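The following exercises are to be worked with the sequence and the coordinates at hand. Each task is followed by a solution in steps.

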Amino acid sequence: MTALRTEPLIAAEHLCVRYGASEVLHDVSLAVRPGEIVTILGPNGSGKSTLLRALLGIVAAHAGRVMRAPGLRLGYVPQRLAIDPSLPITVRRFLSLPVRVPHAAALSALTRAGLPEVADRQMTALSGGQLQRVLLARALLCDPQLLILDEPTQGLDQPGEAAFYRLIEEVRQATGVAVLMVSHDLHVVMAASDRVICLNGHICCEGTPQVVSTAPEYRALFGLGTQGALALYQHVHDHTHGDHSPGADGHAHGHSHAPRTAQPADHSDA
Amino acid sequence: MLDDFLIRAALAGVGLSLATGPLGSFVVWRRMAYFGDATAHAAILGVALALATDLPLGLGTLAVALAMAATVAGLAARGWAMDTTLGVLAHSALALGLVAISFVPGARTDLSAYLFGDILSVTRADLGFIWGGGALVTGLLVWRWQALLTTTLSEDLAHASGLKPDRERLILTLALAVTVAVAIKVVGALLIAALLIIPAAAARGLSRNPEGMAVLAVLIGAGSSLAGLALSMWQDTPAGPSIIVAAAAVFAVSAGVARRR
């Protein structure tokens with residue numbers, strides 16, 4: 001690691017978030033330290049985006065708290081950016097929001113993100129992959145200590161996704177930035193992360209990718225016997241398909257997240 | 001020079017365009033057209049109140065427009081279905097204003113002046129009010145420009161950059177209420193939204209950046225005011241609607257040019 005300090009850049013302590021009566025996050029504690037890449041994994045509706053939004057201060061904590069290192073420089077890459085077609089804006093102009101940046105800095109951020117020639121293009125004319133890279137370039141402009149990315153590869157094809165994660169890794173190598181990202185997508189993420197947090201309303205398990213991928217809680221969410229809600233994920237678990245048996249039930253260890261993920265409708269293709 | 005009613009009318013139109021250009025751009029970008037309508041229609045109720053209580057017209061319209069804008073913004077924040085809510089509020093406010101104004105003796109005869117504007121009768125005091133309001137709105141928008149633009153693009157990005165989207169929304173709400181109060185004399189309650197939207201929409205196809213669009217919207221608004229006044233003088237047409245007709249003509253030309261490029 002490039003940084004010597006081990007004080008967390010951002011941390012959550014016993015965080016609870018509610019939308020109305022339903023508790024989306026329950027007793028979540030985590031910390032991101034300088035230079036590490038942490039990935040939050042979880043199925044749809046597991047509260048991943050909510051957790052990021054709580055860390056960013058967009059949604060309020062019902063209980064617990066979020067702590068940031070004093071003067072933390074934070075770059076945020078949202079899940080998507082829908083720009084109204086009535087708003088004309090070039091990539092170059094977009095990079096100067098909300099803080100105007102010198103032209104050289106904007107160009108070097110674009111180059112780092114792998115898009116040196118799009119500065120004069122309209123934002124609405126970019127492809128999905130280009131837009132994600134522009135969002136990354138914008139996030140890098142404040143020389144961040146921490147990058148927060150919310151499913152940054154949504155809408156990209158597999159090669160595009162792999163290239164994007166390689167880019168994140170390169171940026172980390174070059175700048176020592178810490179990365180906290182959310183994904184519901186396993187195999188690329190596993191390779192790109194130092195630490196994985198498995199979320200389903202609460203933290204099911206966490207650790208290095210190797211440790212997490214063998215944890216029973218993780219398997220309950222993503223692996224064995226959960227064909228129903230998690231059929232989507234099976235393609236990345238070829239190695240476990242051999243021991244599929246109708247009786248295998250990953251929820252046998254008693255985790256309470258089953259009702260959230262195993263919606264009746266989701267069993268139709270099981 | 002200000003003794004000439006035509007000069008005063010031209011200055012009123014240009015002064016108003018200073019505010020409606022950038023504000024109208026935000027109305028277009030944020031899809032607030034109906035929001036503008038609701039606020040403008042409520043101004044008729046403000047006119048009725050002002051006439052009934054002998055308050056200055058500008059104060060009455062400003063107060064009611066502010067109340068309406070705040071109501072709409074509050075409902076939006078609570079997640080109401082805005083299309084329907086705004087439809088209900090806009091038309092109810094207009095109808096209520098028309099009913100209320102019928103109780104004010106003598107006001108009935110002036111009704112069309114409030115609905116469609118009376119730019120040819122702008123006084124020096126009106127001119128001061130229009131330019132003061134226009135400068136206030138333009139100043140507000142220029143001051144908050146970067147934050148407003150970031151918030152318009154994405155409230156999440158704005159939040160993550162330490163901005164407060166709620167505050168920026170409030171600033172637009174304020175600016176809209178002031179613009180309505182200022183514009184009612186020029187184009188009337190029914191056409192204020194048109195003056196916000198049409199010049200900005202006409203500028204869209206010819207612009208590459210937000211600033212370019214806002215400045216172009218000011219120029220198109222000012223040009224339309226002058227052209228509308230000329231049309232009104234030449235053909236004895238009502239001035240307020242003539243201004244909007246001129247703006248619509250610019251929009252048609254701009255849409256054609258933008259398509260050809």
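**Exercise 1.** Determine which elements of chain A the buried residues of helix α3(A) pack against, and where on the helix these residues lie.

*Solution.* Step 1. In this predicted model, the buried side of α3(A) packs against α2 (91-95) and α4 (128-140) of chain A.

Step 1. Helix α3 of chain A covers residues 103-112, and its buried residues are Ala106(A), Ala109(A) and Leu110(A). Because they span an arc of only 100° around the axis, they lie on the same side of α3(A).

Step 2. On the face turned away from that buried side, α3(A) carries the exposed residues Ala104(A) and Thr111(A).

Step 3. After the helix comes Gly114(A), with a positive phi near 85°.

**Exercise 2.** Identify where confidence in chain A is lowest and where it is highest.

*Solution.* Step 1. Chain A has an average pLDDT of 78, and 79% of its residues score at least 70.

Step 1. The lowest confidence is found in helix α10 of chain A (residues 258-261), with a mean of 37, whereas α2(A) has the highest, at 95.

Step 2. The pLDDT is below 50 over residues 224-270 of chain A, and this stretch makes 48 contacts in the model beyond near neighbours in sequence. Where pLDDT is low, predicted coordinates should not be read in detail.

**Exercise 3.** Describe the fold of chain B and decide whether its radius of gyration agrees with that of a compact globule.

*Solution.* Step 1. Chain B contains twelve helices and zero strands.

Step 1. For 261 residues, a compact globule would have a radius of gyration near 18 Å; chain B has 18 Å, so the two agree. The C-alpha trace of chain B spans about 55 × 40 × 30 Å along its principal axes.

Step 2. Of the 261 residues of chain B, 54% count as buried. When contacts in chain B between residues at least 6 apart in sequence are considered, 74% join residues at least 24 apart.

**Exercise 4.** Which element gives the most to the side of chain B that touches chain A?

*Solution.* Step 1. The contact involves 21 residues of chain B and 17 residues of chain A.

Step 1. On the side of chain B that touches chain A, two or more residues each come from α1 (5-29), α7 (145-153), α8 (155-160) and α11 (210-235) of chain B. The most come from α7(B), which gives five residues.

Notes: Residues are numbered from 1 along each chain as its sequence is written. Chains are lettered from A and ligands numbered from 1 in the order in which they are written. This is a predicted model: local features need pLDDT of at least 70, side-chain atom pairs count only at pLDDT 80 or more; totals for chains, interfaces and linings use all residues. A residue is buried if 20 or more other C-beta atoms lie within 10 Å of its own, exposed if 12 or fewer, and partly exposed in between; C-beta atoms are placed from the backbone. Helices (H or I, at least four residues) and strands (E, at least two) are DSSP runs, numbered from the N terminus. The arc is that of the directions from the helix axis to the C-beta atoms. Two residues are in contact if their C-beta atoms, placed from the backbone, lie within 7 Å. pLDDT is the predictor's confidence in each residue, from 0 to 100. The radius of gyration is taken over C-alpha atoms; the globule rule is 2.2 Å times the number of residues to the power 0.38.
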